[in-house]
Amino acid sequence: MSVKSDVLTMLEKMRGNYFSGEELAGQLGVSRTAVWKAVQALREDGYEILTGKNKGYCLPENSDFLSGEGIRNYLPEECRNMHLYVCRETGSTNTLAKEAANAGQEAPAVYIAAMQTAGRGRRGRSFLSVPGGNICMSFLLRPKIAAADAVFFTTATCVAVHRAIRNVTGIVCGIKWVNDLYYQGKKVCGILTEAVTDCETGIVDCVIPGIGINFNIAPELFPEELREIAGALYPGEKRIHVTRNRLAAEIIIQMFKVMGELQDRSFLKEYREHSILLGKKILVYAGSEPEDATALDVDGNGGLVVELSDGTKRVLSTGEVTVRVAGDEKNICR
């Protein structure tokens, strides 16, 4: 690792504590000048690093600057050399990934932004982004699979993000078919998967799962029309040991783990276990009028098995319908 990365690692591990330049230099086996240059580089990136006379350097406990350097510190060695692009603001990380794919970018690659100005959900819905409150990330993957199998990337991504949030924060979210995570009754994460397919071969050239997480957003920052349905993992609460860098890194780790489960589809078991729809009365919006149904299961292809009011069973495919929990009109599956 670079001196810059090594300095950040030490400051991250001991947030709120001061290290003298001499102490950092001694532990890292470099000169004090090299430490000073590393600190200046981190500040130029956007990190707030405190200094005090005869104290040295300190990363504040409430620091939560999203950066490639900070994310890589939490990745295993085999992931640290992958293409990781992090920016403060962009239109859409999915767009960044698609542009990179068209330019011949090798996979895997990850594109992350602290804020999106044109984030999208399913069916063209917009994704709210608040400065300093979100994690927006997209993966560029080239899995060499048939187009029919690309549907699993949304459900697999849901499971990967679910695992990452649980591992890092201790929060156990509910999964709402097909692409949302809920916490305390409100949507905290949406997933949009896009694919580019070779029409002649039917093979997927690339798959781009996009993830938008409401990480630390106070309720009053949501538009009034969204306050009943949108929430955050940390709704304006102070955090000390949980950062967006740590969670973003864990999502990367879990994404690559779940990709290894695509063939046997073992991740679907976890998807079902944490579903907040199964066994519930729902309304299925496939046409002009909603249909009453009961959500029964998620089948081996990721479809939602429902029983309609007349007793017939139907499998809903992703992108075909919108689902609402009956009697809870605010709770929309987007």
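Just after helix H2 (residues 21–28), Gly 29 takes a positive phi of about 70°. Helices, here and below, are DSSP runs of H or I with at least four residues, strands are DSSP runs of E with at least two, and both are numbered from the N terminus. The model is a predicted one, in which local features need pLDDT of at least 70 and side-chain atom pairs count only at pLDDT 80 or more, while totals for chains, interfaces and linings use all residues. Residues are numbered from 1 along each chain as its sequence is written, and side-chain values use heavy atoms, with hydrogens and water left out.

Helix H2 itself has a buried side. Its buried residues are Gly 21, Leu 24 and Ala 25, where buried means under 20% relative accessible area, exposed means over 50%, and partly exposed lies in between (1.4 Å probe, protein chains only). These residues cover an arc of only 100° around the axis, which puts them on the same side of H2; the arc is that of the directions from the helix axis to the C-beta atoms. The face turned away from the buried side carries the exposed residues Glu 22 and Gly 26. The buried residues of H2 pack against helix H1 (3–13), helix H3 (32–45) and strand E2 (56–58), with contact meaning heavy atoms within 4.5 Å.

Helix H1 also holds Ser 5. With a relative accessible area of 6%, Ser 5 is buried. Leaving aside neighbours within four places in sequence, Ser 5 is in contact with Glu 69 and Asn 73.

The chain as a whole contains 8 helices and 15 strands. Of its 334 residues, 51% count as buried. The chain exposes about 15100 Å², and carbon and sulfur atoms supply 48% of this area; accessible areas come from the Shrake-Rupley method with a 1.4 Å probe, and for residues only the protein chains shown count as cover. Among contacts with a separation of 6 or more, 63% come from residues 24 or more positions apart.

Strand E4 pairs with strand E5 (residues 134–140) in the antiparallel sense over 5 bridges, and Ile 112 stands opposite Met 137 in E5.

A hairpin links E6 to E7 through 3 residues, and Gly 174 stands opposite Tyr 182 in E7. Strands E7 and E8 pair in the antiparallel sense as well, over 4 bridges, with Tyr 183 opposite Lys 186 in E8. The hairpin of E7 and E8 has 2 residues between the strands, and Gln 184 takes a positive phi near 55° there.

The structure holds 4 aromatic pairs. One of them joins Tyr 85 and Tyr 111, a tilted pair with 6.2 Å centre to centre and 45° between the planes. Rings of Phe, Tyr and Trp (its six-membered ring) pair if their centres lie within 6.5 Å; planes under 30 degrees apart count as stacked, over 60 as edge-to-face and the rest as tilted. Tyr 85 lies in strand E3 (residues 83–90) and Tyr 111 in strand E4 (residues 109–116), so the pair ties together parts that are 26 residues apart in sequence. Tyr 85 is partly exposed, with a relative accessible area of 37%, whereas Tyr 111 counts as buried at 4%.

Finally, Val 242 is found in the loop between strand E9 (204–214) and helix H7 (244–259). At 13% relative accessibility, Val 242 counts as buried. Not counting residues up to four places away in sequence, Val 242 touches Val 168, Thr 169, Phe 215 and Tyr 234. The C-alpha atoms of Val 242 and Thr 169 are separated by 6.7 Å, although these residues are 73 residues apart along the chain.

Technical notes
Pairing = 2+ DSSP bridges.
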